[in-house]
Amino acid sequence: MKPYIICLMITSPDGSLHPGKWTKSPDGTYADWSSLYEKTHKDLWINAWMVGRATMAEISKAGPHEPQAPLNAQRPHHFANPSASSFAIALDPSGKLHFDAGELYGDHVVVLLGADVEDSHLAELAADGVSYVVSRGSSFDVGAMLSVLETELGIKRILLEGGSITNGHLIAAGLVDELSLIVAPALDARRGSDRVVEYGDEGLAGKAELSLLSCEQLEFGMLHLRYAVHKPR
């Protein structure tokens, strides 16, 4: 079985992910909205959050570095801290992410990698105390790797927090169970600005369906919209 995945994002009504470009509101400030998002994050979170490569690179900010001692590159997985109680998961098919340590914000780092990632990169991750799972096939099978995390690390519930392309691909693959949006009273409206979910030129029509679970009014003019994500019948 795979973990239950909730895609949690803070957004404007027009789907923007860049608060620095949003209009202002008499109902609250970005600091207010961010605080409510973090509270929702804690309320929903069980023991893991997950992001794509670009988002994790912004968080980690580490560069490539060779391990100080030669290490065996284990495949298909290596768990540096199997007793950890919380996890930060990164999707990195090409093996481009680097880390200075095995934790971020107190959460143990786990990277999901493509089958073609070189052993030298695996050795670097292991030397930094990072866990990883390598896809067994030529395709980047996120579902299979998440099932490994559920079995080996006890990860039952994951908050998926972007970016938009990662969200789109996981929804298209049928891996997301719930879309949870914290909507702020602001607009972006710039042409070509990012959105909560993106999936190529064809979009997600015919690949996913939503049904409303709840709509809750929050402080500072915000709404919490929760949708179940279904595969089309």
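Trainee: Where is serine 86 found?

Mentor: Serine 86 is in the loop between β3 (77–78) and β4; strands are DSSP runs of E with at least two residues, helices are runs of H or I with at least four, and both are numbered from the N terminus. The model is predicted, so local features need pLDDT of at least 70 and side-chain atom pairs count only at pLDDT 80 or more, while totals for chains, interfaces and linings use all residues. Residues are numbered from 1 along each chain as its sequence is written, and side-chain values use heavy atoms, with hydrogens and water left out.

Trainee: Why does serine 86 count as buried?

Mentor: Buried means under 20% relative accessible area, exposed means over 50%, and partly exposed lies in between (1.4 Å probe, protein chains only). Serine 86 has 13% relative accessibility and therefore counts as buried.

Trainee: What makes the pairing of the side chains of serine 86 and aspartate 107 a polar contact?

Mentor: A polar contact is a pair of N or O atoms within 3.5 Å; within protein, one must be able to donate a hydrogen and the other to accept it, and residues adjacent in sequence count only if both atoms are side-chain atoms. The side chains of serine 86 and aspartate 107 are joined by such a contact, of 2.7 Å.

Trainee: Why does serine 135 count as buried?

Mentor: Its relative accessibility is 4%, and serine 135 therefore counts as buried. Serine 135 lies in the loop between β7 and α4. A polar atom of its side chain is 2.8 Å from the backbone oxygen of serine 139, and a polar atom of that side chain is 3.3 Å from the backbone nitrogen of aspartate 141.

Trainee: What makes a set of residues a nonpolar core?

Mentor: The set must consist of buried Ala, Val, Leu, Ile, Met, Phe, Trp, Tyr and Cys residues joined through side-chain atoms within 4.5 Å. The largest nonpolar core has 32 residues, and Met56, Phe99, Leu113, Tyr132 and Met222 have the most contacts inside it. Of the elements, α1 gives the most to this core, with four residues.

Trainee: How are the residues lining the largest pocket divided by class?

Mentor: The lining has 21 nonpolar, 11 polar and nine charged residues. Here Ala, Val, Leu, Ile, Met, Phe, Trp, Tyr, Cys and Pro count as nonpolar, Asp, Glu, Lys and Arg as charged, and the others, Gly among them, as polar.
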